[in-house]
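A short report will do.

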Amino acid sequence: MGAPSIDAQTRLYGIIGHPVRHSLSPAMHNAAFRERGVNAVYLAFDCRDVAAALAGVRGLGIGGLSVTIPHKEAVMAHLDEVDPMARRIGAVNTVVNRDGRLLGLNTDWIGAVKALEEVTGLRGRRVVVLGAGGSARAVVAGLSQAGAEVHVANRTVERARELAQAWRATWSGLDAPLQGEILVNTTSVGMAPAVEAIPVPPQVAGRFGVVMDIVYSPLETRLLTAAREAGAVAVNGLRMLLHQAVAQFEAWTGLPAPVEVMEQALMDGLKRRGG
Ligand code: ATR
């Protein structure tokens, strides 16, 4: 379906963060608006002052926001309501403007769950999560919600303990004997330019049936190569990125997201970016 051209009815959406100039979200959401015939546009706002940005959302009646680093925690103080999962995770990545009331959601946990569910069940599965930072908080929340048995392994064991205890998970350092059915890397280890880095030794990756990396630059991290070579199913970081955006689109519009169109836009955006 063709979208109407920009006119007096067009609604504005966008992403706030710093930096955001390389964000792939505008490509995905504008393609989805076009495909569904929604009269809306989505822009990237490089912004440092989250309070001013949210005042702008209210003042201009902006339809909704994606929120990224470094504003996912700070934005919560400027909303009328934060949904229980987002509150428990301690981060909001989505703002929905419902008739002037700003609602905060977190779709990162949904993205992680959907990305894994494309290839495996989660209920009762033992999942090892590498890392205990902001991304890990959403991943562990999603996995717990989906009924998985979670173990958090982190370089700083104290951070692993804190996160694990919040979700009744177990914890250890990265050098413990890690075992399970599914492995998820939420650390930045392996991200360009340090593409040779790997968060755990390759033989550890080979012990799992499914390995997901949330790093998507490069698309195939050394961890995923090791997993694939050992016969595991490898899930790259684009799947979570895609599915968190799918959930955002659905929260904003109430329409089913055109997943394949968004996936294509994501791939095209990545190519344009030279990623
Ligand atoms: P994000 O919000 O992207 O998750 P973060 O909160 O800074 O970012 O967390 C980064 C995660 O990557 C942490 O778990 C961090 O481990 P520590 O808690 O020990 O700092 C992990 N990490 C980053 N660099 C690492 C490295 N070189 N080796 C192992 N873990 C690393």
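The report below covers a sheet, the helices on it and a helix pair.

This is a predicted model, where local features need pLDDT of at least 70, side-chain atom pairs count only at pLDDT 80 or more, and totals for chains, interfaces and linings use all residues. Residues are numbered from 1 along each chain as its sequence is written, and side-chain values use heavy atoms, without hydrogens and water.

**The sheet**

Six strands make an open sheet, ordered S9-S8-S7-S10-S11-S12, with parallel pairing. Strands are DSSP runs of E, at least two residues, and helices are runs of H or I, at least four, numbered from the N terminus. Two strands pair if DSSP finds at least two bridges between them. S9 (170-172) and S12 (233-235) are the edges; each has a single partner strand, so one side of each lacks a neighbour in the sheet. From one strand to the next, the twist averages 20°.

S8 (residues 149-153) and S9 run parallel, joined by three bridges. Val 152 has Trp 171 of S9 as its bridge partner.

Two helices pack on the sheet. Contact means heavy atoms within 4.5 Å. Angles run from 0 to 180 degrees between N-to-C directions, with axes fitted to C-alpha atoms, for helices over the stretch in contact.

| H5 (residues 134-145) | S7, S8, S10 | about 170° with S7 |

The axes of H1 (residues 25-36) and H10 (residues 259-273) come within 8 Å and cross at roughly 140°. The contact includes Ala 27 and Met 28 of H1 and Val 261 and Met 262 of H10.
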